[in-house]
Amino acid sequence: MKINSNSTAVIQTACAIVFCLFTFCYTYYYQADVLMVDQHVLSGGQTKYYPLTGAILITVVLQLLQMLVRAFFRLYKSGHALTYLPSLLVLAVITSGDKDIDKQFSFGPWCWIVPILLVAFVFAAFVLRQIQEVEMPIKGPLLFSRCMWVNMLTLLVMFFFVGIAGNSDKVFHERMKMERLLLENKPNEALEVGRKSYDTDSCLTLLRVHALAKTHQLGDRLFEYPIVGGAAAMIPNGNSVRTLMYPSKAILVQKKKSSVDYQLCGYLLNKDLKSFVTLLAKSYPFDKPLPKHYKEALYLYGAITPNALYKLHDNVIATDYADFKKIQREISDKEARQATLRDVYGKTYWYYFFEE
């Protein structure tokens, strides 16, 4: 059967446009930070990944790979989109790096998944080549033809596979984005990453503590974020609390510069109010305005400690704390109580201190 060259050219062009748009957007807008840390770790920090350049190069190289596959298997009609499978397999592999890539690099299940899929692809391509020879000519508007939409649906299914196979760990993406922004010396932008999310880990807590210290907001905003790891998450330990791209040395230097705030917040994270108040009395003159969380902790100390030597007298803080305790008393259901407290006082030290 003679293949209509104009029709197949339109189908190939449409598939190429859709593939290039997906690949570029996926690598530039979603997986850029993952690709950046992969290159950083695998090169030992010797090379740097540039998101725009990288996305363009990956898109071009994968499109060229598809052209080679197409030239070899000569699938032009309903099976044409399948020639993008090898390219999309490569895309899935390079974007599937996990959060432990710095400890042990491994292709994991890809070692057997890729060969199996490639064998299946060769078999399917052979069958489609035979079907292509007897396939009915394209009739009617090409855009709405069966051939066009079979190809589009095939691409969509493969895009879905790439999305499932690629790294979709939300917290890991936020960590890498924060590290990139900190490397670019944009701590305020880094603090906006995941600001409204309740998901976190000790490594993300470490980065937020550092960014807050750099912007002199540690005592005002630390408890506006979910926290994992307590005071131990304030310092990298190379294992459960670590960075992958941002130098640990920079964090230790900032800790030294902000040593008093680190100590005070460390006591707060450990819920050691007595040590906190003792150090606060030595470090902050009481005629000096206190950061938000320090005022909350000082008032709490006075409220729960009999004959406390230090008490904060602040009508606004007192009213808020009374309302906080009222909610604690009046809502008996644990989950409902925590949800209400989180909605109203989730950005206070009190919520962290009494969190159940």
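**Helix pairs and a cavity**

Author: Helix H3 (residues 51–73) and helix H4 (residues 85–94) cross at roughly 145°, and their axes come within 8 Å. This is a predicted model, where local features need pLDDT of at least 70, side-chain atom pairs count only at pLDDT 80 or more, and totals for chains, interfaces and linings use all residues. Residues are numbered from 1 along each chain as its sequence is written, and side-chain values use heavy atoms, with hydrogens and water left out.

Reader: What makes residues of H3 and H4 count as meeting?
Author: Contact means heavy atoms within 4.5 Å. Ile58, Leu62, Leu65, Gln66 and Val69 in H3 meet Pro86, Ser87, Val90, Leu91 and Ile94 in H4. That contact divides into eight nonpolar, two polar and no charged residues.

Reader: Why are H7 and H9 called roughly parallel?
Author: Helix H7 (residues 170–183) and helix H9 (residues 202–214) pack at about 30°, axes 10 Å apart. Angles under 35 degrees count as roughly parallel, so H7 and H9 get that label.

Reader: Which residues of H7 meet H9?
Author: In H7 they are Val171, Glu174, Arg175, Met178, Glu179 and Leu182. The H7–H9 contact has seven nonpolar, one polar and four charged residues.

Reader: What makes Thr205 a lining residue of the largest cavity?
Author: A cavity is a set of grid points where a 1.4 Å probe fits but cannot get out, on a 1 Å grid over the protein atoms alone, and lining residues have an atom within 4 Å of a point. Thr205 is on the lining list, along with others including Arg208 and Tyr225. The largest cavity has a volume of about 30 Å³.

Notes: Axes are lines fitted to C-alpha atoms, for helices over the stretch in contact, and angles run from 0 to 180 degrees between N-to-C directions. Helices (H or I, at least four residues) and strands (E, at least two) are DSSP runs, numbered from the N terminus. Angles under 35 degrees count as roughly parallel, over 145 as roughly antiparallel, 65 to 115 as roughly perpendicular and the rest as oblique. Ala, Val, Leu, Ile, Met, Phe, Trp, Tyr, Cys and Pro count as nonpolar, Asp, Glu, Lys and Arg as charged, and the others, Gly among them, as polar. On a 1 Å grid over the protein atoms alone, a cavity is a set of points where a 1.4 Å probe fits but cannot get out, and a pocket is an open set with protein on both sides within 12 Å along at least five of seven lines; lining residues have an atom within 4 Å of a point. Grid points are joined across faces, edges and corners, and a volume is the space filled by probe spheres set on the points.
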